[in-house]
Amino acid sequence: MSKDIEKVLLTEEQIEQRCKELAAQIEHDYEQENTVPIIVGLLRGSVPFMAELIKRFTFPCEIDFMSVSSYDGTESIGDVRIEKDMDLSSKDRAILVVEDIVDTGRTLSEVRKMFLNKGATNVKIVSLLDKPERRVVDIEADYVGFTVPNEFVVGYGLDYNQKYRNLPFIGVLKPEIYE
Ligand code: XMP
Ligand code: MG
């Protein structure tokens, strides 16, 4: 696994430290608003990040997951569809979407619209990574862990053809792996 990695961009320690800061900021904001959000992880890339965040929350919140269409290889598919919907109702609720990376922005833009259509009162986004160079839809996450360069990254939930999600760090794949 690690032998397929060209370079490590973010170590486990860096990610954990940043998650601590993000969790504190998020907690502070929801406490100020006095709302009980549903924290919705987008499967499957958000799982390690989601776990790292929610274990630090001490405010009341609910959690759920949903799955929307994702990458096939390293190219984005424009059309976003729900593959597995969440179980809780988002009507009249504050939603915090947890994502692994904002790339073109299409996924989160569609997901945000979908929640607002279903009657969510407020939709916020937290993304571990942001790759602004690739953006085609004008959307920003409310909370971002790290900004990354325009390279295909794996690890800490992020995959290449479903592999490497289990790596505890974020790295760049060797080009020969996907060429
Ligand atoms: P969009 O383009 O809609 O896509 O913002 C977000 C989804 O694209 C995937 N993605 C990546 N996955 N390494 C990955 O493993 C990457 O560098 C990368 N860039 C985008 C990811 O699934 C995300 O949810
Ligand atoms: Mg994803």
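**Exercise 1. Which of the 19 residues around ligand 1 come nearest?**

Solution. Keep in mind that you are working with a predicted model.
- Step 1: Look around ligand 1 for the residues that come nearest: they are Asp103, Thr104, Arg106, Thr107 and Leu158.
- Step 2: Now sort the shell around ligand 1 by residue class, and you get seven nonpolar, six polar and six charged residues.

**Exercise 2. Find which element gives the most residues to the shell around ligand 1.**

Solution. 
- Step 1: List the elements that each supply at least two residues: E5, helix H3 (106-117) and strand E8 (153-154).
- Step 2: Pick out the top contributor, which is E5 with four residues.

**Exercise 3. Describe helix H3: what is its span, and which of its residues are buried?**

Solution. 
- Step 1: Take the 12 residues of H3 and go from the first C-alpha to the last; the helix reaches 16 Å, close to the 16 Å expected at 1.5 Å a residue.
- Step 2: Step just past the end of H3, where glycine 119 has a positive phi of about 95 degrees.

**Exercise 4. Work out what the buried residues of H2 pack against.**

Solution. 
- Step 1: Helix H2 covers residues 47-54, and its buried members are Pro48, Phe49, Met50, Glu52 and Leu53.

Definitions and conventions. Residues numbered from 1 in each chain as written. Chains lettered and ligands numbered in written order. Predicted model: local features only at pLDDT ≥ 70, side-chain atom pairs only at ≥ 80, totals over all residues. Buried ≥ 20, exposed ≤ 12 C-beta atoms within 10 Å, placed from the backbone. Contact = placed C-beta atoms within 7 Å. Near = placed C-beta within 6 Å. Nonpolar A, V, L, I, M, F, W, Y, C, P; charged D, E, K, R; others polar. Expected span 1.5 Å × (residues − 1).
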